[in-house]
Amino acid sequence: MKERAIFLWFPLLLVLAPVSSLLAQKTSVEGYIFDYKTDEPLIYAHVIFEGSTQGTVTDSSGYFLLESEEMRDKIKISAVGYHAKTVSVEPGQENQVELRMQDVSVGLDEVVVKPDDGPVMRLMQKVRDNLDRNNPENLDSYSYRRYSRWAYQINNVSDNMRDWGIFRNAQNAFRYDKDSMRYLPVYFSEQVVANSYQSRPRKQLSVVEADNTTGLGLLEDSEISGITAGLRSGLNIYERDIRYLGHNFISPLGPNGPFYYNYYLMDSIETSDGYVQVVLFSPKREGDNTLRGELVIEDRFYSIREFTAELTNTAHLNFVKSLSVSANYQLIHDSIPFFESSKISAVIDYMPIETRREHRVELQAIMTQNFSRVSTELEKEIELSHRRLTYEAVRSPERHDRDEDYWKNERPSQLDEDEELFMASIDSVNQLWFIRFLDNVARMSITGYYDFDYWELGPYDYLLNFNEVQGTHLFFGGRTGQKISERYAIWGGVGYGTRNKQWLGRFGAGYLFPSPRRMLVEAEYTDDIVQPGENERILFLYENKQHASESNILSHIFRRQSLRELQRRQRLRVSMEREVRTGFQIQGVASATRLHSPEFLPYLKNDQPIDDFEGAELTLNMRWSWEEQYFDYGYRRLYLGTELPIINLSLSGGITNVGGSSNTYSRVHSSIKHHTFTGQARLDYAIEGGVIFGTVPYPLLDIPRANLTYGFQTYNFNMIDLLEFMHDKYVRVYAEYRLNGFFFKRVPLLDRLGLREVLSVKAFAGSLHERHESLLDYPLLLTDRNSRPYGELGFGVENLFRFFRVDCVWRATHPGGSPLGIRVRMEIRI
């Protein structure tokens with residue numbers, strides 16, 4: 001999703017933010033705000049410096065502290081249901097104030113806050129009773145065109161930052177808003193999508209007709225596709241739970257709304273079609289995933305005509321400083337509610353430590369949508385490219401070639417002078433070497449390679465490694481860049497081990513067919529050092545991992561035990577991947593492998609050494625992912641997830657030759673990965689299992705993934721050792737339950753830190769038949785309690801300094817050694 005792409009900008013913000021914060025001057029205002037009539041503290045009142053976006057909100061005692069590194073002479077105070085107020089302050093000084101706000105019912109005859117909540121509660125109940133009827137996404141059929149626009153800018157650019165040498169030749173790129181705040185435009189995109197839907201039989205079609213994007217290469221050269229281009233409309237107020245940015249927000253229209261919200265009937269306005277009621281809603285408690293805003297409700301069908309809302313508390317939302325949304329709904333045929341327009345505005349703050357400094361470099365993202373040509377009666381049944389499809393996302397070949405006349409006709413309003421200058425500024429930014437460098441770093445975090453135009457160096461996590469077998473492992477490799485071709489890639493590299501004095505390497509090539517459905521052919525030869533049991537099935541769960549190997553420089557730095565159980569693998573692998581339909585992919589793989597006996601854990605057969613063994617395998621992988629979002633960047637695809645389960649099924653058959661004895665085998669492996677919400681908490685889980693038929697040497701058995709570092713790994717077992725377990729029948733379960741600060745935000749002092757609780761459970765059960773030992777003796781590291789179920793439990797705290805998570809993990813079964821371990825992980829999570 002394009003709004004998710006906001007978080008690809010953190011390298012730039014991490015560089016700019018600290019320096020800018022240190023080089024400015026300071027004006028501070030602190031004080032208390034009370035209700036004029038009752039003298040009660042006013043909670044969640046907004047206080048901002050006039051002419052800026054710097055603001056804060058009052059706490060439960062009405063207290064606020066606002067600071068600026070610039071000379072500010074006025075503050076504005078506003079709160080739902082109260083008259084706004086502007087107060088003068090001394091610039092460059094410390095100011096203390098105590099203010100009282102008047103209720104809007106004072107001196108305003110046409111607006112009355114009802115003292116009796118009976119009428120408003122009855123009104124809200126009627127709205128809830130009609131939710132299903134009024135939700136546009138519940139219609140039997142509809143079609144529409146949607147115009148979407150995204151704009152990103154870096155706010156609060158100081159004089160010192162503007163004068164940096166890197167911006168010397170791009171002074172005209174900086175812009176000013178109406179409040180004289182200086183900002184730097186970085187991204188602009190607009191898109192036209194035609195959508196249609198029918199429920200009987202269920203079919204969805206989304207056609208991207210036009211796409212006009214300008215910004216840094218990472219976003220400009222890529223497309224975010226799948227359901228993103230489809231039938232989603234941002235935040236839908238009719239949903240009982242509003243899911244956005246990976247969190248679950250309580251809807252004021254949901255069945256549990258009265259438990260979380262207070263409602264105030266503010267006005268009743270007569271229209272030509274009856275009356276509309278204006279209702280304010282605000283949270284009852286601090287810390288919940290709730291909103292504050294206004295609803296406009298028509299009284300014929302009790303549908304929402306307008307709503308505006310903002311998050312009341314973003315302390316537990318990583319990086320999100322503020323989030324506001326507004327939307328309008330239209331009545332089709334004077335009776336059927338449907339989307340008309342929406343706007344979402346988010347301010348992203350990347351600084352790892354919260355400080356009292358309000359003048360911080362931040363990224364602002366604004367997304368707007370407009371719906372037109374809406375019809376709830378399709379003229380004919382939707383036609384997809386195959387009769388078995390249920391939904392399809394199609395990109396028009398002309399989408400990037402639309403002329404200005406086309407855009408003038410499609411835009412709900414024409415670009416004004418500021419918006420045109422905004423786009424022109426982005427072109428200037430693109431030419432800066434420093435920005436291009438940061439852009440390449442962001443690309444590298446996705447693709448694994450640093451782009452030197454015609455050649456890309458990488459994978460970056462494979463260039464330097466250390467282990468007991470190779471000593472220091474140096475690798476130099478890369479692949480052809482997109483300037484050579486966006487359709488094919490050639491990659492390779494050579495590595496050298498300083499201890500074993502051995503050269504290793506890899507060479508491969510692939511071709512991406514020019515097809516509307518992704519089709520990719522690859523062939524690769526590798527000569528490498530791998531862990532026993534290492535295979536591509538790990539990529540079913542770590543879907544965006546660059547490769548199956550878990551050996552890299554970070555794993556060495558944080559390793560908790562030596563890694564000696566390594567073996568040399570020579571492999572030729574040929575694969576073909578085909579996207580059969582949107583959400584269903586198949587991949588055929590043929591491979592021939594030779595595994596060499598490890599130096600410190602030699603292969604034995606009846607206590608006699610075996611130098612190596614060979615094998616060949618054919619595999620068919622199938623992947624189902626409904627309504628998934630993904631990010632295509634030339635040859636590489638990055639999966640962004642879906643609300644629905646992701647299922648993988650792998651069927652393999654092969655033959656091995658061990659000591660001159662040939663044996664056949666087959667394997668079935670499957671996995672499912674999903675997440676769901678229980679209230680404001682989120683449950684992520686994955687299950688994988690399989691069975692091996694026939695006889696295989698033990699390196700081809702299923703070996704549970706062991707985490708040998710002090711880092712926390714989601715789909716590895718953090719408290720077992722390598723080769724401690726192995727199975728030919730197995731099932732594994734991984735679960736993480738994120739409470740999103742449910743307890744921490746109710747504890748004084750802790751409630752201000754934005755900490756979030758995580759509970760984790762990992763377990764597996766399996767069995768191992770003795771027939772496999774006829775090929776190779778089982779290693780001595782294998783536990784004699786291999787057939788007993790294993791489990792480990794963890795309690796973690798995430799959002800430490802925004803980027804870190806710490807877990808205490810308990811090995812609940814198979815006692816031996818220390819049952820407790822501390823694991824740390826750096827992660828970027830909203």
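Q: What is the relative accessible area of E50?
A: This is a predicted model: local features need pLDDT of at least 70, side-chain atom pairs count only at pLDDT 80 or more, and totals for chains, interfaces and linings use all residues. Residues are numbered from 1 along each chain as its sequence is written, and side-chain values use heavy atoms, without hydrogens or water. Partly exposed lies between buried (under 20% relative accessible area) and exposed (over 50%), with a 1.4 Å probe and protein chains only. E50 is partly exposed, with a relative accessible area of 30%.

Q: How many residues apart are E50 and K76?
A: Their side chains meet in a salt bridge (3.9 Å, N to O), defined as a side-chain nitrogen of Lys or Arg within 4 Å of a carboxyl oxygen of Asp or Glu. E50 sits in the loop between β2 (46-49) and β3 (55-57), and K76 in strand β5 (residues 74-78). Strands (E, at least two residues) and helices (H or I, at least four) are DSSP runs, numbered from the N terminus. The pair links distant parts of the chain, and its separation is 26 residues.

Q: Which residue forms a salt bridge with E599?
A: Side chains of opposite charge can pair when their charged atoms come close. Here the N to O distance is 2.8 Å. E599 is in the loop between β31 (584-596) and β32 (604-605), and its partner, 100 residues apart, is in the loop between β27 (488-497) and β28. E599 is partly exposed because its relative accessibility is 44%, and the partner is R499.

Q: Is D728 buried or exposed?
A: The side chain of D728 meets that of R771 in a salt bridge (3.8 Å, N to O). R771 lies between β41 (756-767) and β42 (790-800), D728 between β39 (681-694) and β40 (729-738), both in loops. R771 is partly exposed at 28% relative accessibility. D728 has 3% relative accessibility, so D728 counts as buried.

Q: How many salt bridges does a search of the whole structure find?
A: Some of the residues form a network of salt bridges: R682, D684, E736, R738, R756, E798, R805 and D807 are linked. For the whole structure, the search total is 36.

Q: Which side chain makes a polar contact with the side chain of R518?
A: R518 is in the loop between β28 (502-512) and β29 (519-530). R518 counts as buried because its relative accessibility is 10%. A polar contact is a pair of N or O atoms within 3.5 Å; within protein, one must be able to donate a hydrogen and the other to accept it, and residues adjacent in sequence count only if both atoms are side-chain atoms. At 3.3 Å, the partner is E577.

Q: Which elements give two or more residues to the nonpolar patch?
A: Y454, I484, Y488, I490, F507 and Y511 form this surface patch, with about 590 Å² of accessible area together. The elements giving two or more residues are β27 and β28.

Q: What is the C-alpha separation of G505 and I529?
A: G505 lies in strand β28. At 16% relative accessibility, G505 counts as buried. G505 and I529 are 24 residues apart along the chain, and their C-alpha atoms are separated by 9.9 Å.

Conventions. Patches are made of residues with over 30% relative accessible area and no salt bridge: like charges are joined within 9 Å, nonpolar side chains (Val, Leu, Ile, Met, Phe, Trp, Tyr) within 5 Å. Accessible areas come from the Shrake-Rupley method with a 1.4 Å probe; for residues, only the protein chains shown count as cover.
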